[in-house]
Amino acid sequence: MEGDAYLKCIDPQCGLEYPIKSTNVQCDKGHLLDVKYNNKPSEKLKDIFANRGKMGEDIIFNESGVWRFRELLNFCEIDTENVEECSRFLVSLDGAEGRQSKPYHMTKVSSFIEISSDNLWLQPEGYNPSGSFKDNGMASAVTHAKMVGAKKIVCASTGNTSASAGMFAANEGIQCDVYIPAGQIAPGKLSQAYQFGAQIVEVNGNFDDALKQSLDDAKNYDGYTVNSINPFRIEGQKTIPYRALEYLKWEAPDWIVYPGGALGNTSSCGKALMELYEWGWIKKIPRIAVINSEGASTLSDLYNGEFQGEELRWNQGKPNIDLITEYYNYLDKEGIRPKTKATAIQIGRPANILKGLRALDFTKGVVTTVSDSEMLDGMSVVGLNGFDCEMASGASVVGIKKLLEEEIIKKDDVVVGILTGRQKDAMLPVDYHNNPKNRFAIPPKI
Ligand code: F0G
């Protein structure tokens with residue numbers, strides 16, 4: 001391929017390549033794609049990144065927590081120091097995406113988890129302009145959409161993706177259609193999509209049904225898909241671990257922990273770590289832990305051999321696809337639908353499962369599940385530290401606690417948990433605190 005950046009199929013046996021301006025989210029044989037770069041970025045960039053975004057500097061791309069790292073996702077192939085060129089290409093909400101997110105210690109969370117406060121970092125991605133980690137990847141996906149001249153972006157969503165897509169589309173003056181599982185997304189997320197002027201398409205079904213319909217419609221009606229199967233979404237989301245690592249002076253932690261839904265985050269963290277390690281920017285590979293909800297546990301079931309006894313693995317690019325198909329057929333036959341109050345991760349068919357497996361393979365990752373009531377405790381104890389997060393993000397907290405109790409995470413390990421979004425389901429904390437039986441409840445006085 002000419003130029004520095006191109007697209008390549010993730011299946012090593014297939015390996016089809018496409019020019020960077022291709023809008024396919026899959027190769028011709030139906031496999032996921034990666035954005036690839038020929039050039040290796042110099043480690044000297046670490047110093048440049050550290051100096052960008054200093055107070056008083058008036059360059060939004062240096063303030064942005066995504067575009068501050070633009071050399072590591074330069075699929076536009078621009079001169080990254082040329083501000084005018086950046087402005088013509090890069091999509092940014094005035095530098096706000098990723099700007100406020102970095103890891104924090106939270107003492108009440110660490111004492112709940114029973115880990116030393118020094119060893120636990122939590123990174124609230126809810127402090128993005130649309131209130132979730134999605135803005136990291138949406139800035140880059142909409143950049144690509146603009147680069148190829150797309151007039152309309154399209155997504156399916158459990159709520160946060162649609163809020164983020166709607167926000168960037170409104171800011172860029174392009175159309176946005178969002179497919180949502182009717183009645184199954186948090187009111188605060190739905191209202192954002194309306195507020196930003198997105199065209200809502202209500203789908204009678206769950207997220208998996210909405211994704212299928214949105215992909216079909218995007219193909220038939222000239223829409224540009226911005227779900228995380230879009231490889232350019234993954235590029236922007238690499239900056240989540242970049243910011244954590246930069247804050248830790250590029251000393252890799254032992255663990256990075258995410259809630260798992262469609263597995264875009266898992267995939268992007270894996271890709272970021274693979275690249276950084278290959279370039280020699282990190283010497284140690286953190287392990288990724290993915291936390292599923294008990295009610296939507298596809299990855300955990302397959303990875304941990306809870307379906308037909310086989311532990312699904314990347315297997316050097318030859319994962320047992322039949323096992324995944326059989327699992328989905330089994331869910332359909334038994335009428336099992338993903339069910340959790342953490343609607344953000346109520347997903348039965350994680351579209352990025354293969355990239356997720358690759359990430360788990362590279363990082364010797366683990367997958368586990370937590371219950372709804374555990375996630376609510378996790379969400380609530382974050383609140384007691386003065387930070388806001390939603391129920392799905394609570395999975396990171398209680399997932400770490402569970403893995404520590406199981407001695408998979410060790411007492412002196414350094415752990416970074418990602419809090420993926422802020423609270424958009426206003427009644428959840430109200431209901432939680434009104435029930436005195438809940439672990440962290442502070443019921444109202446009457
Ligand atoms: N946490 C939050 C707050 C989310 O909104 C999502 C996904 C996840 C975790 C799971 O992340 O898909 O990368 O594994 N929300 C999507 C949406 C599906 O439509 O907003 P993942």
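**Why do we call it that?**

Trainee: What makes Gln 316 count as exposed?

Mentor: This is a predicted model, and in it Gln 316 has 66% relative accessibility. Exposed means over 50%, so Gln 316 counts as exposed.

Trainee: And where is Gln 316 found?

Mentor: Look in the loop between H12 and H13. Gln 316 has a positive phi of about 55° there, although it is not a glycine.

Trainee: What about Asn 315, and why does it count as partly exposed?

Mentor: Asn 315 comes out at 44% relative accessibility. Exposed starts over 50% and buried means under 20%, so Asn 315 counts as partly exposed. Asn 315 also sits in the loop between helix H12 (298-303) and H13, and its phi is positive too, about 55°, though it isn't a glycine.

Trainee: OK, now the other end of the scale. Why is Ala 5 called buried?

Mentor: The relative accessible area of Ala 5 is 2%. Buried means under 20%, so Ala 5 is buried. You'll find Ala 5 in strand S1, residues 5-9.

Trainee: Which residues does Ala 5 touch, not counting those up to four places away in sequence?

Mentor: Ala 5 touches Ile 20, Lys 36, Tyr 37, Asn 74, Phe 75 and Glu 77. Take Phe 75: it is 70 residues from Ala 5 along the chain, yet their C-alpha atoms are separated by 5.4 Å.

Trainee: Let's do helices. How do you know that H5 is close to its expected reach?

Mentor: Helix H5 (residues 134-147) has 14 residues and reaches 20 Å from its first C-alpha to its last.

Trainee: What makes H5 "mostly covered"?

Mentor: Of its 14 residues, 13 are buried. Buried means under 20% relative accessible area. Gly 149 follows H5, and its phi is positive, near 75°.

Trainee: How do H16's numbers look, its reach against the expected one?

Mentor: H16 (residues 391-405) has 15 residues and reaches 21 Å, close to the expected 21 Å. H16 is mostly covered as well, with 13 of its 15 residues buried. Just after H16, Glu 407 takes a positive phi of about 60°.

Trainee: What makes a group of residues a nonpolar core?

Mentor: The members are buried nonpolar residues joined through side-chain atoms within 4.5 Å. The largest nonpolar core here has 93 residues, and Phe 75, Ile 153 and Ile 353 touch the most other members. H5 gives the largest share of this core, 6 residues. There is also a second, separate core of 37 residues, including Leu 120 and Val 398.

Trainee: Which residues does Ile 353 touch?

Mentor: Leaving out residues up to four places away in sequence, Ile 353 touches Leu 263, Leu 299, Leu 302, Leu 312, Ile 324 and Tyr 328.

Trainee: Last topic: why is one space called a cavity and another a pocket?

Mentor: In a cavity the probe fits but cannot get out, whereas a pocket is an open set, so the way out decides the name. By this rule there are 3 cavities of 30 Å³ or more.

Trainee: How much space lies in the largest pocket?

Mentor: About 1,300 Å³. The largest pocket is lined by 46 residues, and Val 25, Gln 26, Leu 211, Leu 215 and Ile 229 lie nearest its centre. H8 gives the most to this lining, 8 residues. By class, the lining has 21 nonpolar, 14 polar and 11 charged residues.

Trainee: And how much space lies in the largest cavity?

Mentor: That one holds about 360 Å³. The largest cavity is lined by 31 residues, with Phe 133, Lys 134, Gly 261, Ala 262 and Ala 344 nearest its centre. H11 gives the most to its lining, 3 residues. The classes are 13 nonpolar, 15 polar and 3 charged.

Trainee: How many residues line the second largest cavity?

Mentor: The count is 13, and Lys 189, Thr 343, Glu 390, Asp 425 and Leu 428 lie nearest its centre. About 70 Å³ of space lies inside. Its lining has 6 nonpolar, 2 polar and 5 charged residues.

Technical notes
Residues are numbered from 1 along each chain as its sequence is written. This is a predicted model: local features need pLDDT of at least 70, side-chain atom pairs count only at pLDDT 80 or more; totals for chains, interfaces and linings use all residues. Side-chain values use heavy atoms; hydrogens and water are left out. Helices (H or I, at least four residues) and strands (E, at least two) are DSSP runs, numbered from the N terminus. The expected span of a helix is 1.5 Å times one less than its number of residues. Buried means under 20% relative accessible area, exposed over 50%, partly exposed in between (1.4 Å probe, protein chains only). On a 1 Å grid over the protein atoms alone, a cavity is a set of points where a 1.4 Å probe fits but cannot get out, and a pocket is an open set with protein on both sides within 12 Å along at least five of seven lines; lining residues have an atom within 4 Å of a point. Grid points are joined across faces, edges and corners, and a volume is the space filled by probe spheres set on the points. Ala, Val, Leu, Ile, Met, Phe, Trp, Tyr, Cys and Pro count as nonpolar, Asp, Glu, Lys and Arg as charged, and the others, Gly among them, as polar. Contact means heavy atoms within 4.5 Å.
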